[in-house]
Amino acid sequence: MKRAVITILAIVGTIISHAQVDDALFDRLQGFANNEFKFFNTDGIEISAIPMKGVFTPKSIAKQYKEYRIKDSDIKNTDSLLSTKNYYVSKKMEGQYQDIYFLEHNDRILGMIFRSAFEIDRQFERDFVKLFTTGKIPDDICQKLTETQHINFAGRPIVVKGCHWMSPNNLQCPYNGQMNWSSFKTMEAAQRELESHFQFINANKKGKVISDEQVAVIFEDQEVMARKLVFDLTGVISALAATTGGKTLTVYMVVAPVRNKFLECVISHWNNDNLDANGLPAIVSGLMTLK
């Protein structure tokens with residue numbers, strides 16, 4: 001009898017533990033929906049849920065998901081810890097880790113794509129797949145792709161104008177700046193993501209860094225230091241630069257404790273964007289000020 005009680009307590013403890021983990025995840029998780037497709041961001045991980053019609057065979061899957069550069073010969077491994085029939089493919093693409101689960105779900109192929117600058121915990125991926133396929137992710141986590149005036153910024157509603165989503169938690173507002181963000185469990189994880197963003201920006205803008213300094217800011221009511229970078233893109237062949245007519249790009253990189261999580265945020269604007277009296281783009285109005 002004593003053994004049975006201990007077993008029951010252990011099961012209850014596990015259920016409570018998982019419930020706490022899920023609640024914490026949902027506090028950090030944000031996304032948007034585009035018809036049947038759903039896209040999420042949490043802890044620096046971009047997650048896409050892409051359903052497709054087709055037969056659940058490697059050849060059919062490779063054809064339907066060809067944009068992910070997967071051959072049918074790559075589709076051979078399965079994850080035995082998932083109860084649903086599945087295939088699992090892991091590869092590095094464009095400097096990022098990409099793990100994809102293909103599952104039989106509702107008479108369709110469901111591709112669950114996980115992307116990150118760092119290796120992703122397999123147990124997290126399994127847990128997320130299970131949450132998604134069992135319908136346990138709250139509906140209010142996903143905004144509609146067309147909802148760009150009233151957005152959920154890490155747990156707080158804000159108003160922005162004339163913007164569009166580039167990816168989950170990545171909002172671009174022509175001539176009013178751009179920002180992307182992600183929520184983390186720890187400050188260390190947020191700082192690590194910020195450094196990866198710097199490496200990516202530095203490698204891909206291909207411009208000259210003409211200024212790199214630490215500036216004091218108030219970000220979501222928190223006094224923190226932000227890294228401010230200015231890139232000179234004069235003469236650089238860039239479709240984006242040609243479109244905006246910009247010559248220099250200013251980037252603010254900040255990490256701050258916000259509403260029981262740690263927020264990593266990258267804000268950028270061109271020299272000819274609309275700026276406020278402090279020299280900040282309209283997209284961060286109400287979020288950040290310079291001290």
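This note goes through the nonpolar cores and the salt bridges of the structure.

1. Basis. This is a predicted model, in which local features need pLDDT of at least 70, side-chain atom pairs count only at pLDDT 80 or more, and totals for chains, interfaces and linings use all residues. Residues are numbered from 1 along each chain as its sequence is written, and side-chain values use heavy atoms, with hydrogens and water left out.

2. Main core. The largest nonpolar core holds 45 residues. A nonpolar core here is a set of buried Ala, Val, Leu, Ile, Met, Phe, Trp, Tyr and Cys residues joined through side-chain atoms within 4.5 Å. Buried means under 20% relative accessible area, exposed over 50%, and partly exposed in between (1.4 Å probe, protein chains only). Phe102, Phe153, Met179, Trp181 and Phe219 have the most contacts inside this core. Strand β15 (residues 248-258) supplies its largest share, four residues. Helices (H or I, at least four residues) and strands (E, at least two) are DSSP runs, numbered from the N terminus.

3. Another core, of 24 residues, lies apart from the largest one. Among its members are Leu25, Ile47, Phe124 and Cys142.

4. Salt bridges overall. A search of the whole structure gives 12 salt bridges. The criterion is a side-chain nitrogen of Lys or Arg within 4 Å of a carboxyl oxygen of Asp or Glu.

5. Lys261 and Asp27. These two form a salt bridge, with the closest N and O atoms 3.5 Å apart. Lys261 sits in strand β16 (residues 261-270) and Asp27 in helix α1 (residues 2-28), so the pair ties together parts 234 residues apart in sequence. Lys261 counts as buried, at 4% relative accessibility. Asp27 is partly exposed, at 38%.

6. Arg28 and Asp43. Their closest N and O atoms are 3.0 Å apart, in a salt bridge. Arg28 belongs to helix α1 and Asp43 to the loop between β2 (37-42) and β3 (45-52), so the link joins parts 15 residues apart in sequence. Both residues, Arg28 and Asp43, are buried.

7. Arg122 and Asp79. This salt bridge spans 2.9 Å, N to O. Arg122 is in helix α3 (residues 122-133), and Asp79 is in the loop between α2 (58-64) and β4 (86-93), so the pair ties together parts 43 residues apart in sequence. Arg122 is partly exposed at 27% relative accessibility. Asp79 is buried, with a relative accessible area of 4%. Shared partners join Asp79, Arg122, Glu125 and Arg126 into one salt-bridge network.
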